[in-house]
Amino acid sequence: MTFGNVLPPPKFDLTPDEMFSKADYILELAKDGIYDITSSVEPEDATYENVIIPIGHVENQLSYEIEPLSILESVSPSAEIRAAASKAVKMAREAWELIYDNEELFLLIDAVKHQRPANLDEESGRFLADLHSECVEKGLNLPEAEAERYSEIRHRKYELHSAFVANLATDPGVVLKSDAELEGLPRSKLENFQIDEQGRRRIPLHRTNADAIMRQCTNEETRRDVWAAKESIYPENAAYFREAVLLRDEAARLLGFSSYNHQLVRRRMMKSPEAVMNLLRAIETKLKPLVKMEMDALRKLRGDGEPIHFWDLAYYDSQTLKGRNVNSDVVAEYFPADFVLGRMLGMFEKLFQLEISEVADIKDDEVWHPDVKVYKVSELGGLFVGYLYMDLYPREGKYNSSADFNIRPSYIDREGRYMPSATALICNVTPPTKDAPALLHHSDVITIFHELGHGMHDLMGRTRYAKYHGWRGRRDFCEAPSQLLEFFCWLPQTLKLMSCHYSYLSQEYKQQWERMNPAAAKQPEKQIPDEMLSALIAAKNVNSAIWTARQVGLSIFDMKVHNPSSHEELEGLDIAKEYYTSMTEATGLQGPEDEAMLGNGYSTTAHFMWGQEANYYSYISTRILAADMWNTCFRDDPMNPETGLRYRQMVLDKGGSVDEAKMVAAFLGREPNSDAYLEEIGVEDVAK
């Protein structure tokens with residue numbers, strides 16, 4: 001196996017015609033690869049070597065070619081390019097159908113599966129089992145009439161997914177409010193909003209703007225209006241989502257499963273919907289006393305006897321923090337984005353024994369927007385690992401959340417060479433203003449650290465097949481490595497290292513800070529002050545039970561729409577009402593009295609449609625694993641490079657190529673448990 005091949009970054013200046021040609025090329029790759037197998041092997045002669053390995057090579061190539069197209073669908077500043085990328089990706093993904101919807105090929109795969117080949121390593125065995133399962137789940141064992149309907153469903157689901165994702169990249173709309181109605185927002189934030197002809201501020205409903213208003217605006221009516229508008233963006237997606245969950249359920253039942261969730265759990269760490277619900281209900285029960293205590297405190301802070309609504313939580317959470325001497329906006333002044341990112345990357349260098357350097361001479365056609373930065377990642381010995389892209393600021397048409405997007409997967413090619421990966425950190429943090437650089441709230445620091453965790457996982461995967469590269473393992477494990485890294489964001493030494501008051505970045509910024517703070521006696525300390533840091537860390541668990549219970553509620557909603565007792569039950573389900581009711585029952589937060597204002601929050605992000613469908617519970621189950629790994633292996637000496645390298649080699653490098661439960665147990669030296677997680681969220685009666 002050969003490592004260290006330095007490949008140039010992919011090109012992102014593709015025209016629509018070039019993308020369509022690329023899609024045609026990908027289809028031809030699949031056709032040729034599959035024909036080479038089916039034309040030369042009969043079922044009685046099928047072996048792992050002459051059928052499964054060649055399929056793996058075809059899959060590897062397809063992934064490598066498709067991913068650079070796929071990211072343009074979500075990040076290109078051009079609506080024309082996004083639309084063309086969406087169409088091209090849809091065309092290219094038909095190549096996978098040539099593998100999983102090919103009866104002749106399935107006969108060969110099935111023949112190998114029934115041989116039960118001995119002496120396969122764990123990744124090879126997993127690849128064979130998953131390949132066979134995915135073919136079965138394409139309906140290849142169904143009678144003709146049912147197979148025809150199943151095929152219709154599959155193609156319609158692809159159409160729905162494509163339309164849903166395309167909507168997420170469109171303009172979310174605006175809310176109009178006067179300066180008086182936006183009381184509480186700092187002047188620098190207000191001035192980011194354009195003024196219409198009637199003197200009202202135009203507030204684009206991007207996540208950063210909505211979050212700022214939820215946290216800072218003292219006017220409850222404004223918070224409610226912005227919340228209601230934010231919950232109602234992309235209304236077409238609600239219809240797409242409803243159709244998709246009905247089709248998922250119908251397709252699962254055609255295959256003989258009780259629900260879509262029952263279909264998926266065969267390739268999850270948690271092996272049944274019942275196990276998932278037992279976990280969620282157990283955590284919900286543990287949280288109830290804490291949730292009540294926190295909600296009582298928020299109502300007392302509110303002071304008028306009214307309930308805490310969905311649009312109130314972030315505001316009163318922020319007020320609670322201020323009462324504990326934590327002003328998130330002042331804290332943010334110590335975390336300028338570029339400085340923080342540099343220090344974060346330095347931490348990853350030390351912990352995982354890497355070298356990360358910005359590519360200074362990146363060409364215009366090697367990025368999709370001028371704001372994008374590209375970093376070269378190498379081993380300490382100089383061997384090339386891959387490229388890390390960073391795209392931090394919101395813009396029209398860009399994916400409206402935070403995520404890690406793969407650009408190139410890693411794998412071992414036909415000649416035994418390791419193909420290095422490329423990955424992109426896509427965020428939407430508050431951009432620079434004329435008065436200050438981009439400043440990160442502490443929650444932004446955590447988000448970026450989390451997504452960089454996915455990026456590191458994506459870069460460091462060492463697997464034979466792209467199918468298992470990086471975070472592409474069992475879906476209810478892939479969040480654990482990133483959630484583990486969030487713990488670093490609560491360490492005093494880490495926060496000190498990543499902090500520098502923006503007024504020290506340049507003389508110009510210092511002068512701007514002085515103009516904005518004329519009454520200040522002196523320039524702030526360069527690093528975050530100890531007393532501010534202590535208050536921030538002490539407030540870690542403020543309202544954590546409510547926020548955790550919200551995750552439980554969202555997970556229960558996800559289970560209800562993907563694990564109904566019957567298809568008829570799902571057909572009669574009011575999905576919007578179920579979504580908000582699930583959160584209310586878990587947290588005590590109230591929605592609007594007028595149910596017509598509930599909106600379609602479940603379809604304003606991709607989670608339930610694509611990415612975490614029937615899997616949202618994993619944000620909790622993986623947090624349990626992350627807390628256990630942190631508490632057991634990192635807490636006492638978090639930046640120990642030996643521990644970091646051991647973790648990298650035993651967990652990150654493995655990707656999804658091995659059994660994740662056994663992998664975690666091997667790293668811990670025992671079976672994992674929930675003690676550290678319950679302690680982290682403040683539950684005192686930890687099971688011993």
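**Reading a buried glutamate and its surroundings**

Analyst: Leaving aside neighbours within four places in sequence, glutamate 486 is in contact with Ile446, His450 and Arg623, where contact means heavy atoms within 4.5 Å. This is a predicted model, in which local features need pLDDT of at least 70 and side-chain atom pairs count only at pLDDT 80 or more, while totals for chains, interfaces and linings use all residues. Residues are numbered from 1 along each chain as its sequence is written, and side-chain values use heavy atoms, with hydrogens and water left out.

User: Is glutamate 486 buried or exposed, and in which helix does it lie?

Analyst: Buried means under 20% relative accessible area, exposed over 50%, and partly exposed in between (1.4 Å probe, protein chains only). Glutamate 486 has a relative accessible area of 14%, so it is buried. It lies in helix 17 (residues 480-486); helices here are DSSP runs of H or I with at least four residues, strands are E runs of at least two, and both are numbered from the N terminus. The C-alpha atoms of glutamate 486 and isoleucine 446 are separated by 5.8 Å, although the two are 40 residues apart along the chain.

User: With what is arginine 474 in contact?

Analyst: With the same exclusion of sequence neighbours within four places, the partners of arginine 474 are Arg126, Asp130, Arg267, Arg268, Met269 and Glu660. Arginine 474 sits in the loop between helix 16 (442-460) and helix 17. It counts as buried because its relative accessibility is 12%.

User: How many residues has the largest nonpolar core?

Analyst: In soluble globular proteins, nonpolar side chains tend to be buried together. A nonpolar core is a set of buried Ala, Val, Leu, Ile, Met, Phe, Trp, Tyr and Cys residues joined through side-chain atoms within 4.5 Å. Here the largest one has 149 residues, and Phe241, Phe335, Phe352, Leu452 and Phe488 have the most contacts inside it. Apart from it lies another core of 61 residues, including Met19, Ala30, Ile55 and Ala92.

User: Which residues line the largest cavity?

Analyst: On a 1 Å grid over the protein atoms alone, a cavity is a set of points where a 1.4 Å probe fits but cannot get out; a pocket is an open set with protein on both sides within 12 Å along at least five of seven lines; lining residues have an atom within 4 Å of a point. Grid points are joined across faces, edges and corners, and a volume is the space filled by probe spheres set on the points. The structure holds three cavities of 30 Å³ or more. The largest, of about 60 Å³, is lined by Leu168, Tyr234, Tyr399, Asn400, Ser401, Thr604, Thr605 and Ala606.

User: What is the volume of the second largest pocket?

Analyst: The second largest pocket has a volume of about 590 Å³. Of its 26 lining residues, Pro186, Ser188, Asp329, Glu333 and Leu439 are the closest to its centre. Helix 7 (187-190), helix 8 (207-216), helix 14 (328-332) and helix 19 (507-516) each give two or more residues to the lining.
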